[in-house]
Amino acid sequence: MKPIKSTLIATAFLCSLPLFSQSTFSSSLPVKPGKGVTVTGTVECAGKPVAGVIVSDGYEVTKTDKKGAYYLKSKKQNPQVFITAPSGYEIYRDDVVPQFWADFNLPADKLERHDFRLDKVDNTNHAVIVITDVHLANQRNDVKIFSGPYTDRIREEVKKLNDNGIRTYTLNLGDASWDAYWYGHNFKINDFRTALNNAEYPTAVYSCMGNHDNNAQTPCDENTDFNASLPYQKTFGPRYYSQNIGNVHYVFLDNIHYINKPTEQPFYTDVYSNRNYVEDFTPEQLAWLRKDLANVSYDTPVVLAMHGPMFRWKKYNYKKHWSELTPEIMIRTDNASTRELLDILKPYKDVHSVCGHSHNQCLIRLPKEMQNFTEHNISGTCGAWWRTRATGLRNLCPDGTPAAFEIFQSDGKNLKWNHHTYEYSPEQTFFAWDMNEVKKYFSNNAEVKAYLTMYPNSTDYSDVGDNYVYVNVWAWDQDGKLKITENGKELPVEMVREENPLYTAAYLVRNTVWINSFNNAKYKNPTKFQLFRAKASTPDAPVEISWTDYFGKETKSTLNRPAPFSTDDLELTL
């Protein structure tokens, strides 16, 4: 990583963004800074010093002394200094983003001072709202929807938590913006922060950056990844840092290495680049993480927040009953840096990662013999890039599940989590379809016929046997329990890998036939996702479906058959 370069693009962009105002609380430092110290300051709460607070520039790590002062020998290779809030404190904020960092404003060899303020709170019992892939681009009514009904939905959950004495925060996992449209739609990463404030978003927001949160006008060279991140850093802070909330240690990482190769023709207005990237962790980031975790005991729960998922299901033996599956795990970003990260975390007893990027919901637990690590890949807030919402339907993600967020709660050192959709009742946790009726719809619907003419490799479900019921569990967990019953008799349930019929009808058909984009490369044949099915004995008997999650919460629904299939259930109620 190289020191910041003052390119015209970076300078113009940074000057357009709001600056933090860091107040000086003490008139003078307790001691004179020693040789080599280039950054110093104090950390105080209600005018009193706070000792033992971690302070870092992403390379060096130090602590405040008993008088609340820190002295950092920084080369200012990153553009900021930041603090890690201790348990029992919150970082002062005057808008939605806590002021946990300060921008360097003097040359690397010059001493500068930055002070920080904490507020004392009891956050042992706390919750974090996890959102990801909001993808605001000032199109398809996205800003209005997110700032209105979606933020209101989050506000409902925050109120419930606060009414029960649970302090609540938000983790934003990246792709809050959309690099391709920063200039053509005049909506950049700082506009996302503005949107949060205008919506009076109900909690403090800590963020990590995604691939689309980079400045797509950054020239492609050895410093692209660093320079392209500068607008983000000015708006939401360092690319990697940590915070303690209650007894949980939260680490925010950047696993997107932005390359941004140039193109001769613009992808979109004033963006002459293909915005490509690779997923990895820089050596500097991992070296900092080792220093950061040196202050964290092995029995402390660790939650990593990053944009890209690290794992995926390699394959299932679909012929077995789903409860008997022992899925093979593989590292999705299989490189030395990912393996080093796992090695750093191996001593910790309870590690979770939360991530986005795929827009799909997926939970993976590593085998215990490998290490205690659970990855939560969270559904995208935008669903499939706001496109089903734009055609008058509720938002669906590419795996056919509704747009959603997760809430993690800690009562000390125990973590629990719940899946929450933006547009459905909390009592609904799955879609269920009578496949006899799905086959009729795909056989008779004129729009589907037109779509299948252009995409013959997409399925019409004609090869599905008679009397099958399919279930799409929105937040499936291999340690949960799915039960399907007909006339009091439990049916054998198997997992299959299929195209999701609701997503095909609501997204793929509408986004090809409706807007006449046949053979457009953006609308490929759908990916196959895990679904569950059971074969009923008759075409008209009602079927009871029950899903019990990892924590024992059960939700039930009855599918009265025949159950006509359509996109009507997705219609918005305005």
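Which residues does Threonine 504 touch, not counting residues up to four places away in sequence? The views below come from a predicted model, in which local features need pLDDT of at least 70, side-chain atom pairs count only at pLDDT 80 or more, and totals for chains, interfaces and linings use all residues. Residues are numbered from 1 along each chain as its sequence is written, and side-chain values use heavy atoms, leaving out hydrogens and water.

**View 1. Threonine 504 and its contacts.** Threonine 504 touches Phe442, Tyr451, Ser458, Tyr461, Glu499, Val509 and Pro526. Contact means heavy atoms within 4.5 Å. Threonine 504 lies in helix H11 (residues 501-514). Helices are DSSP runs (H or I, at least four residues), numbered from the N terminus. Threonine 504 is buried, with a relative accessible area of 0%. Buried means under 20% relative accessible area, with a 1.4 Å probe and protein chains only.

**View 2. Helices H9 and H10.** The axes of H9 (residues 435-444) and H10 (residues 446-454) come within 5 Å and cross at roughly 70 degrees. Axes are lines fitted to C-alpha atoms over the stretch in contact, and angles run from 0 to 180 degrees between N-to-C directions. H9 and H10 are therefore roughly perpendicular, a term for angles of 65 to 115 degrees. Tyr441, Phe442, Ser443 and Asn444 in H9 meet Ala446, Val448, Lys449 and Leu452 in H10.

**View 3. The second largest cavity.** Its volume is about 50 Å³. A cavity is a set of points on a 1 Å grid, over the protein atoms alone, where a 1.4 Å probe fits but cannot get out. The volume is the space filled by probe spheres set on the points, which are joined across faces, edges and corners. Asp57, Gly58, Asn78, Gln80, Phe82, Pro238, Arg239 and Tyr240 line this cavity, each with an atom within 4 Å of a point.

Notes
Helix = DSSP H or I, 4+ residues; strand = E, 2+ residues; numbered from the N terminus. Parallel < 35°, antiparallel > 145°, perpendicular 65-115°, else oblique. Buried < 20%, exposed > 50% of the residue type's maximum accessible area, 1.4 Å probe, protein only. 1 Å grid on protein atoms, 1.4 Å probe; cavity = no way out; pocket = protein on both sides within 12 Å on 5 of 7 lines; lining within 4 Å.
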